[in-house]
Amino acid sequence: MRGFYIGRYQPFHNGHQHMVEEIAAEVDELVLGIGSAGDSHTTRNPFTAGERVMMVTKAVEEFDITTYVVPIEDLDRNSVWVSHVRSMTPRFDVAYSNNPLVVRLFEEAGVEVRQSPMFRRDVLEGTELRERMIRGRDWADLVPDAVVDVIREVDGVRRIRRIAETDANGEEPSDA
Ligand SMILES: Nc1ncnc2c1ncn2[C@@H]1O[C@H](COP(=O)(O)OP(=O)(O)OP(=O)(O)O)[C@@H](O)[C@H]1O
Ligand SMILES: NC(=O)c1ccc[n+]([C@@H]2O[C@H](COP(=O)(O)O)[C@@H](O)[C@H]2O)c1
């Protein structure tokens, strides 16, 4: 059996890793969708699809499960989104998500969806992690070591701080 788990993973954190560990106990293979793949360099979506592919690929190496990582761009039409996902991914039997819209779209398309309780959601939330990076607070213990390595490699903390400064000053983004 093959499972599908999609997220923006901005960044991939220990809550996601916990989900993957649980999913790995239930399926033979995993398809990990990198959502909003076309988005990057904003405070909500600082990392590129390629950077997130690196984070996820390296992080899930600790589990003994074949994992296919597939970037998936957003569409303007929710009604055809599941077909869009299927067109980009290996076939899967069950989808995992706690995102209400994702759950609804898969269920309407007749795909089995499994949800699970949020794990340490007080700290394991992308928004909280990005805020910690901007404010210079501790964040590295909340993500897998492999994700720390990728964020260092791409100088991600400096990027997200610069984007936040630009936003705060009401400036247009530039490549300077
Ligand atoms: N701590 C967590 N425990 C279990 N599932 C989680 C946790 N955090 C996120 N998820 C689930 O993982 C999937 C992908 O989440 P996503 O990448 O949006 O992370 P997020 O932490 O919710 O980030 P953001 O704050 O940027 O929206 C969603 O189904 C989400 O509900
Ligand atoms: N119409 C669409 O493009 C559509 C619909 C539902 C979910 N999605 C994407 O799926 C991903 C879901 O992940 P999150 O649970 O992290 O929000 C997001 O990237 C979201 O943009 C896209």
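Helices are DSSP runs of H or I with at least four residues, strands are E runs of at least two, and both are numbered from the N terminus.

Before moving on, a word on what you're looking at. This is a predicted model, in which local features need pLDDT of at least 70 and side-chain atom pairs count only at pLDDT 80 or more, while totals for chains, interfaces and linings use all residues. Residues are numbered from 1 along each chain as its sequence is written, with chains lettered from A and ligands numbered from 1 in the order in which they are written.

Now show α5 and α7 (residues 156-168) as cartoons: they pack at an angle of about 85°, with axes 8 Å apart. That makes the pair roughly perpendicular, a label for angles of 65 to 115 degrees (under 35 is roughly parallel, over 145 roughly antiparallel, the rest oblique). The axes are lines fitted to C-alpha atoms over the stretch in contact, and angles run from 0 to 180 degrees between N-to-C directions.

Next, pick helix α2 (residues 49-59) and helix α6 (residues 145-153). Their axes come within 8 Å and cross at roughly 155°. That makes α2 roughly antiparallel to α6. For the side chains, select E51, M54, M55, K58 and A59 in α2, which meet A146, V147 and V150 in α6. This contact has 6 nonpolar, no polar and 2 charged residues.

On to ligand 1. How many residues are around ligand 1? There are 19, and G7, G15, N98, G126 and T127 come nearest; a residue counts as near if its C-beta atom, placed from the backbone, lies within 6 Å. Color α1 (14-24) and α5 (126-135), each of which supplies at least two residues of this shell. The largest share, 4 residues, comes from α1. By class, the shell around ligand 1 has 5 nonpolar, 10 polar and 4 charged residues.

Then center on ligand 2, which has 14 residues around it, with G7, G35, S36, D74 and N99 nearest. Both β1 (2-7) and α4 (100-108) supply at least two residues of its shell, and α4 gives the most, with 3. The shell around ligand 2 divides into 6 nonpolar, 6 polar and 2 charged residues.

The peptide bond from Q10 to P11 is cis, with omega near 0°, and P11 sits in the loop between β1 and α1. R120 has a positive phi of about 45° although it is not a glycine; look for R120 in the loop between β5 (112-114) and α5.

Note on methods: Ala, Val, Leu, Ile, Met, Phe, Trp, Tyr, Cys and Pro count as nonpolar, Asp, Glu, Lys and Arg as charged, and the others, Gly among them, as polar. Two residues are in contact if their C-beta atoms, placed from the backbone, lie within 7 Å.
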